[in-house]
Amino acid sequence: MTREDLLASLRTALSQSGAPGFAALVDQVHPADLALALRDVEADELHRLLLTVAPDPLARLYGYLEPAQQAEVALRMDRIGRIELLERLSADDRADLYNTLPEDAREALMPALAQADREDIVRLAAYPEGTVGALMTSEYALLHPDLNAREAVEHLRREAPDKETIYHAYVVDPQRRLLGVVSLRDLIVAAATTNVETLMTRDVVSVQANAPVREAIKAIDHYDLLAVPVTDDGHALVGIVTVDDVLDSAEDEATEDFHKGGGSLPLKSTSLLGASTWLLYRKRVFWLVVLVFGNLLSSAGIAHFEDIIANYIALVFFLPLLIGSGGNAGSQASTLMVRSLATGDVRMRDWGRMLGREFAVAALLGLTMAVAVAPIGIYRGGHEIALTTSLSMVLIVLTGSIVGMSLPFLLSRLRLDPATSSAPLITSICDAIGVVIYLSIAVAVLGVPAVDG
């Protein structure tokens with residue numbers, strides 16, 4: 001079914017009282033495609049549609065809905081509906097649903113669930129948002145080292161319906177400490193009597209449950225894993241993080257960094273299309289107001305040098321060009337550094353090395369741009385103005401680049417998100433510095449002293 005056909009079928013379902021055609025649509029369309037089409041559906045209409053869906057297909061669809069839609073649906077369900085949904089969701093989705101509910105709703109649900117499910121939900125829901133534990137699932141395959149290959153395959157065959165993945169099984173001791181990992185392929189091709197302990201890989205890549213999610217992302221990306229095991233402080237296996245969950249989390253992190261890089265607070269649990277006017281206003285107004293006051297520094301610099309500007313009006317022509325170049329250079333350097341820090345390509349100890357390289361690159365960039373602007377300076381104001389603008393261009397680009405490169409390092413040192421060094425912030429800082437550099441050089445070259453006040 002094409003996207004256009006799907007949207008047409010969805011509109012038809014919405015127009016029908018009780019949406020009788022939606023249940024059939026759920027059976028025909030992949031839940032990821034259907035969830036995408038449902039992003040623009042109002043909460044009341046979405047709840048009305050989902051009431052027509054049986055518990056099993058509803059559980060498959062629920063995991064693909066937007067977080068805000070998941071929360072809305074869960075809050076509108078009655079107790080019986082929540083219980084039926086919880087029993088069918090994967091372990092990590094169950095914990096997410098549990099966390100969206102108010103305390104009284106949680107207490108009403110728990111007695112209706114099996115003890116093992118209750119303990120699993122409480123354990124997974126206890127990890128703070130943004131940690132590996134909050135992302136992991138407890139539905140993984142376990143093996144004991146004394147099993148042989150035939151017994152292990154039979155065990156995995158019985159476990160498969162309830163596990164997230166069985167392509168890799170984790171070998172543990174009686175205390176659930178992680179001993180190794182063995183692939184299903186190795187078990188199948190091995191001799192039937194070969195022990196799991198002989199087949200397993202002992203050097204297992206794992207991550208701590210309380211580590212940031214980015215650690216799981218790095219591990220799966222670097223080692224090309226389908227899943228990474230999660231351990232507690234005692235090296236006991238507590239869960240796994242699968243590649244599909246990591247992809248979702250990586251996309252969320254990248255989106256958040258893009259939002260911060262653009263000078264706005266990140267949109268969480270909703271899309272840009274689904275965000276309200278008031279929400280977008282609140283997310284964008286903070287940095288804009290802060291930077292208004294930051295830009296007053298540039299205005300103060302111009303006011304301080306108003307006498308030289310009055311004597312050499314040609315200087316005004318080059319002011320936007322020069323300070324804009326500094327902001328652009330700073331934004332370039334900041335963007336490159338933020339991304340390198342995020343991927344681990346650059347670490348805090350590399351600041352000195354990067355500073356030397358950035359100085360050389362920025363000097364070359366500044367000289368190139370100075371050569372480009374010099375003829376315009378001669379045309380607009382003569383050789384002295386050309387010298388002023390050329391020297392200013394070199395120093396402003398050099399300063400902007402150093403500031404743009406160094407600010408992410410400083411924020412990392414202060415344990416703040418380097419993405420906060422957004423393009424608008426860098427531009428505002430470089431604008432203020434650029435004004436002072438440009439007009440100070442003008443005073444030195446043109447011989448007109450600056451006037452206080």
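Tutor: A residue is called buried when its relative accessible area is under 20%, exposed when that area is over 50%, and partly exposed in between, using a 1.4 Å probe and protein chains only. The model is a predicted one, in which local features need pLDDT of at least 70 and side-chain atom pairs count only at pLDDT 80 or more, while totals for chains, interfaces and linings use all residues. Residues are numbered from 1 along each chain as its sequence is written, and side-chain values use heavy atoms, with hydrogens and water left out.

Student: Why is Arg 176 called partly exposed?

Tutor: The relative accessible area of Arg 176 is 35%, which lies between the limits of 20% and 50%, and therefore the label follows. Arg 176 is found in the loop between E2 and E3, where helices (H or I, at least four residues) and strands (E, at least two) are DSSP runs numbered from the N terminus.

Student: What makes the phi of Arg 176 worth a remark?

Tutor: Most residues other than glycine have a negative phi. Arg 176 is not a glycine, and yet its phi is positive, at about 65°. His 235, in the loop between E5 and E6, likewise has a positive phi, near 65°, and with a relative accessible area of 36% His 235 is also partly exposed.

Student: What makes E1 and E3 edge strands?

Tutor: Each of E1 and E3 pairs on one side only, in an open sheet of three strands with the order E1-E2-E3 and mixed pairing. E1 and E2 pair in the parallel sense over three bridges, with Leu 143 opposite Val 171 in E2. As for burial, strand E3 (residues 178–183) is mostly covered, five of its six residues being buried.

Student: How do you know that the buried residues of H12 line one face of the helix?

Tutor: In H12 (residues 149–159) the buried residues are Ala 149, Ala 152, Val 153 and Leu 156. Seen down the axis of H12, they fall within an arc of 100°, so they line one face; the arc is that of the directions from the helix axis to the C-beta atoms. An α-helix has 3.6 residues a turn, so residues three or four places apart point the same way. On the other side of H12, Arg 157 and Arg 158 are exposed.

Student: What do the buried residues of H12 pack against?

Tutor: They pack against strand E1 (140–143), E2, helix H13 (184–189) and helix H14 (196–199), contact meaning heavy atoms within 4.5 Å.

Student: Why is the pair formed by the side chains of Ser 90 and Asp 93 called a polar contact?

Tutor: A polar contact is a pair of N or O atoms within 3.5 Å; within protein, one must be able to donate a hydrogen and the other to accept it, and residues adjacent in sequence count only if both atoms are side-chain atoms. The two side chains come to 3.2 Å, so the distance lies inside that limit. Ser 90 itself lies in the loop between helix H7 (79–88) and helix H8 (91–100), and, leaving aside neighbours within four places in sequence, Ser 90 is in contact with Glu 139 and Glu 164.

Student: Which residues touch the most other members of the largest nonpolar core?

Tutor: Such a core is a set of buried Ala, Val, Leu, Ile, Met, Phe, Trp, Tyr and Cys residues joined through side-chain atoms within 4.5 Å. Of the 56 residues in the largest one, Phe 22, Leu 34, Leu 38 and Val 241 touch the most other members, and H15 gives the most to this core, with five residues. A second, separate core has 24 residues, including Leu 315 and Val 397.

Conventions. Pairing = 2+ DSSP bridges.
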